[in-house]
Amino acid sequence: MIKEKALKFTVELENQFNRMNIEELTVEVVKLHSLFFAMEHENYKNELIKIADRDEIRNSSSKAKEIITTLYRKLEDLEPKLKNVFLNESFKRTEENDLYKMIVLFGRYGLTKEEYQDKSATVEFFDTFMNEIFSNSKGFEFTPKGLIQLMIESLKVSRGTAYDATAGISNISVATYNYATKNGHELSVYGQEINESLFVIGKLNLFFNNILPERGDIRLGDTIRDPKWLDNDRVKQFDYILTNYPFGVRDWGYEFAVNDPYERFDLYGLPSKSQGDYAFILHSLASLNNTGKAAIIVPFGTLIRGATERKIRSILLKDDVIESIVTLPTNLFTGTGIQVALLILNKNKPNNKKGKIQFINAEGDYERTRTQKFLQQEHISKITRTLDTFENKEKYSRIVSISEIEENDFDLNPTLYFVNVEIDTEFGPIVFNKKKYETETPTLISIGDIADVIRGVNLPNRRQMENTENEGYPVIQIRDIENGEIQFDTLDEFPVQTRDIDRVTAKSGDILVSSRGTQQKIAIVPEYDGAILVSNMFVIIRLSSEFELNPIYIKRFLESPIGKYYFEVNQSGSIATVLTPSDIGSIQLPLVTIEQQNEVVKQLEAADDLIRKANEDRKKQYLFAYQNFGLGAAIQNN
């Protein structure tokens, strides 16, 4: 009943206000929702209805904004923690007629006075409305409920304090508080949010969940440049941190962090200037008390990127504050297939966990719709049980010493640490034993030892193209490769500028490997006339003349389950997979004689011929059967 009301309300709202900025409109709707809730709340009702009740508001179209302003001011006086939440710039910009339309819609499709006396009804209306409004929004990405529940249960949140440094609309804080309360514990929740619209919604979310004022609050501001929760000029410390910070923020506050007065980066070093992920991770760590634990959703790149981030990882590992890493399925968030992991930090690891990290491979733990994956309680319970037992479990959980991780150059890609890795192939799952491959396969050699491995050329942007007189060259891009073949007829020309044009010119026998995105493409450059360049979306493998090498053999190896494994283990980047020349150069393959290479290629091509022939036979059989349907000449084989 409540959900249906909220859905109807949202539809009518969007019909009335399709021209308005959805973010600002939503904030004003939530404010009214909170006001009507407060008008039925025992702490505020008597004072508010002295000004006006809901009927009076609805019957005062010419004075709607004046009455609502008075009510908002009174509510802010009654509840000081709501000061400047209602009467902000967003409200001032709202036209009286638009405000009155919202009031009318609440009267027709919103909750009744009796329903506002029920907190669960108020919350359900809000949750449904927010899901509908922001489900297709590209501006905001809210943490899925299953992921929130996994964070909470992985920490076994009980009494004390919990904090979210990038709180958004406070959904994580509300769920954490409700979990603790349901289990008989007293918990206070705290948060900070940089976006004012989300901050207002998050503050009001705490309000009508009866958390604010006594059991929680959220403050507005930049968590890195201006942390609001302080204690004796240091960041306040909490028992639990649960956060899903914005990934890959570039303007995160590097200049401020260089001289951070709160000393959050002194021990572990400054995060990358161009990637803010570790700024939020280190802020979270600084916000944990000496016995605190954190559950942080991180993009996969934080586990494997080099340079500055590898140095920070090395210190975190040596400081022994990383307890567990859970690899999660792709497509858990709407609108992006980015893979994420659950990073668990613990400042007080028990003796049996010291000097070790638990890796859990939960990539297969999900249910799905056509476009979306999600965690159900059974998946959450499976992961948390495994975290609790802290034991090795074939293909699922492995306890790894920090010394072993150091041998892998502080790379936290879980795939590196599972002896038997299950790889999805066109033939179904195949189990790959990395240790046996690298220790028992004869004549292994790195690709970088038998080839030059080169990044393609950077392409000019539109402005550069309009303001250049450089010579134009046809360039191979990702879209120009289909089914392993280069489509020369589709190549676009670009005015490329580079110091060594010959190096990035496609040569016969070059192997092109797509270096970005989720879809891997591999092609061999055939003989052709002229000069064609290769874009930086590819890595070029240019085989050395001093070895007898069949490029088709190399291509077939890269397309094999082992090649796929190395592509996955070497992936980096916050949003999309990126393969660097050094990644590909480090891949090891068996260097057999040229005769053996040719024989392998011949066997694989013969296997592919079987498939082609089987498909042709299948097609003929289908057409014959269709004729027996009595279709006659109605269908033809083109």
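The secondary structure of the protein comprises 25 helices and 26 strands. The model is a predicted one. Along the principal axes, its C-alpha atoms fill a box of roughly 95 × 75 × 60 Å.

Of the 638 residues, 51% count as buried. Among the contacts with a separation of 6 or more, 74% are accounted for by residues 24 or more positions apart. The protein exposes about 30900 Å², and carbon and sulfur atoms supply 45% of this area.

The charged groups come next. The structure holds 34 salt bridges. Three of these pairs are considered in turn below.

In one of them, the side chains of Lys156 and Asp388 meet with an N to O distance of 3.2 Å. This pair links distant parts of the chain, 232 residues apart: Lys156 belongs to the loop between helix H10 (145–155) and strand E1 (160–164), whereas Asp388 is in helix H17 (residues 377–389). Lys156 counts as partly exposed because its relative accessibility is 37%, and Asp388, with a relative accessible area of 48%, is likewise partly exposed.

Another salt bridge joins the side chains of Glu263 and Arg234, at 3.7 Å from N to O. Glu263 lies in the loop between helix H13 (254–258) and helix H14 (277–286) and Arg234 in strand E5 (residues 234–235), so the pair ties together parts that are 29 residues apart in sequence. Glu263 has a relative accessibility of 42% and therefore counts as partly exposed; Arg234 is partly exposed too, with a relative accessible area of 41%.

A further salt bridge is formed by Glu482 and Lys521, whose closest N and O atoms are 3.9 Å apart. Here, too, distant parts of the chain are linked: Glu482 is in strand E19 (residues 481–482), and Lys521 is in the loop between strand E22 (511–514) and strand E23 (522–524), 39 residues apart. Are the two partners buried or exposed, or in between? Glu482 is partly exposed, with a relative accessible area of 39%. Lys521, by contrast, counts as buried, because its relative accessibility is 12% and the limit for burial is under 20%.

Salt bridges may also share partners, and in this way Glu47, Lys50 and Lys74 are joined into one network.

Key
Residues numbered from 1 in each chain as written. Predicted model: local features only at pLDDT ≥ 70, side-chain atom pairs only at ≥ 80, totals over all residues. Heavy atoms only, no water. Helix = DSSP H or I, 4+ residues; strand = E, 2+ residues; numbered from the N terminus. Buried < 20%, exposed > 50% of the residue type's maximum accessible area, 1.4 Å probe, protein only. Contact = heavy atoms within 4.5 Å. Areas by Shrake-Rupley, 256 points an atom, 1.4 Å probe, with all protein chains shown as cover. Salt bridge = Lys/Arg side-chain N within 4 Å of Asp/Glu carboxyl O.
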